[in-house]
2 protein chains.
Amino acid sequence: MTDSPVFVQPNQSDWTEVAPGVRRRLLCHDKNLMMVEVGFEKGAVGAPHSHPHIQVSLVVSGRFEVTVGGEKRILETGDSFRTPADVVHGVVALEPGVLIDTFTPHREDFLA
Amino acid sequence: MTDSPVFVQPNQSDWTEVAPGVRRRLLCHDKNLMMVEVGFEKGAVGAPHSHPHIQVSLVVSGRFEVTVGGEKRILETGDSFRTPADVVHGVVALEPGVLIDTFTPHREDFLA
C-alpha cells in the first residue's frame with residue numbers, strides 16, 4: 001500500500017535532493033493522483049526530461065523559465081503549466097521558488 | 001477540445017461563484033488531470049459533497065476545517081488532503097484562504 005494518509009502536513013515527508021539546489025517532498029498521493037512539493041534555489045535547474053505521466057504544475061513562489069515541448073515561458077506565482085505524456089519539459093529557477101507538481105498516475109519512481 | 005493551454009496565468013480564467021463567499025477558476029487541465037483555484041472568504045463553506053473523481057487539495061493560504069470521510073482536521077498553508085472517489089468531503093474557511101484542488105479525471109461539470 002503506497003497511498004499517503006488522507007491529511008498530510010509537509011513536515012511529515014522527508015526532502016529528497018534530486019539535483020543541485022533542487023529537492024522534493026511528497027504531499028498527498030494515491031495510485032492515480034500524486035502531489036509533490038519541489039523547492040529550488042536560485043539558478044537551480046530541472047533538466048529537460050519526459051515521462052509517461054501527465055503533469056500539471058503550479059508556481060507557488062519564485063520565478064521560473066519553463067520549457068514544455070520546445071515552448072518557453074517565464075512563469076510567476078499563480079501561473080501553471082501542463083505537460084502531456086512523454087513531452088520533454090524542464091525548468092530553470094530564476095529566483096528561489098517552489099513548484100507544486102501533480103501527476104496522474106502517481107510517480108512510482110518517487111516512492112522507491 | 002476542452003484542454004487548457006499549456007501555460008495558464010490565473011487571470012486568463014474567469015471566476016465562477018459556487019457558493020456564498022466561494023469562487024473557483026480553472027488553471028491547467030486536460031481530460032485526465034485538472035487544477036482549480038478556489039478562493040474562500042472567512043466563514044465560507046464548501047458544503048459536504050462527493051464525486052467519482054479522485055481529489056488532492058493543497059492549502060495555499062488561510063486556515064480550513066476540512067472533513068474527509070467523517071474525519072476532521074484543521075489545515076494550514078502547505079497542508080494537503082486527499083479524497084478518494086465517492087467519499088464525502090467538505091471545508092469551512094476559518095479565515096480568508098485559497099485551496100488548489102486537483103482532480104483525476106477532470107471535472108467535466110466545471111467546463112460547462
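A salt bridge here is a side-chain nitrogen of Lys or Arg within 4 Å of a carboxyl oxygen of Asp or Glu. With that rule, a search of the whole structure turns up ten salt bridges over all chains. Please keep in mind that this is a predicted model, in which local features need pLDDT of at least 70, side-chain atom pairs count only at pLDDT 80 or more, and totals for chains, interfaces and linings use all residues. Residues are numbered from 1 along each chain as its sequence is written, chains are lettered from A in the order in which they are written, and side-chain values use heavy atoms, with hydrogens and water left out.

**One salt bridge within chain A**

In general, side chains of opposite charge can pair when their charged atoms come close. A:Glu76 and A:Arg63 make such a salt bridge, with 3.0 Å between the closest N and O atoms. This pair links distant parts of the chain, since A:Glu76 sits in strand E8 (residues 71–76) and A:Arg63 in strand E7 (residues 63–68), 13 residues apart. Strands (E, at least two residues) are DSSP runs, numbered from the N terminus.

**Where the two chains meet**

How many residues of chain B are in contact with chain A? There are 34, and they touch 34 residues of chain A; contact means heavy atoms within 4.5 Å. The area buried between the chains is about 2900 Å², and carbon and sulfur atoms give 68% of it. Buried area is the accessible area (1.4 Å probe) that two parts lose on being put together, summed over both. B:Phe7, B:Leu33 and B:Arg82 supply 28% of what chain B buries against chain A, more than any other three residues.

Between chain B and chain A the count of salt bridges is zero, while nine residue pairs are in polar contact, both residues being at pLDDT 80 or more. A polar contact is a pair of N or O atoms within 3.5 Å; within protein, one must be able to donate a hydrogen and the other to accept it, and residues adjacent in sequence count only if both atoms are side-chain atoms.

Several strands of chain B each bring at least two residues to the side that touches chain A, among them E1 (7–8), E3 (22–29) and E9 (80–83). The largest share, five residues, comes from E6(B). By class, this side of chain B has 18 nonpolar, ten polar and six charged residues. Ala, Val, Leu, Ile, Met, Phe, Trp, Tyr, Cys and Pro count as nonpolar, Asp, Glu, Lys and Arg as charged, and the others, Gly among them, as polar.

**Strand pairing**

Two strands pair if DSSP finds at least two bridges between them. Here are two such pairs.

| Strands | Sense | Bridges | Partners |
|---|---|---|---|
| E1(A) and E9(B) | antiparallel | two | A:Val8 and B:Ser80 |

In the hairpin of E2(B) and E3(B), two residues lie between the strands, and B:Gly21 takes a positive phi near 80 degrees.

**How the copies are related**

Chain B can be laid on chain A with an RMSD of 0.0 Å by a turn of 180 degrees and a shift of 0.0 Å along the axis, which means that the relation is that of a two-fold axis. The C-alpha nearest the axis in chain B belongs to B:Thr104, 3.6 Å from it. Copies are superposed by least squares on the C-alpha atoms of residues with pLDDT of at least 70 in both.

**Backbone details**

Most residues other than glycine have a negative phi, and most peptide bonds are trans. The bond joining A:Thr104 and A:Pro105 is cis, with omega about -10 degrees. B:Thr104 and B:Pro105 are also joined by a cis bond, with omega near -15 degrees. A:Asp86, not a glycine, has a positive phi of about 65 degrees and lies in the loop between E9 (80–83) and E10 (89–93) of chain A.

Terms used: Helix = DSSP H or I, 4+ residues; strand = E, 2+ residues; numbered from the N terminus.
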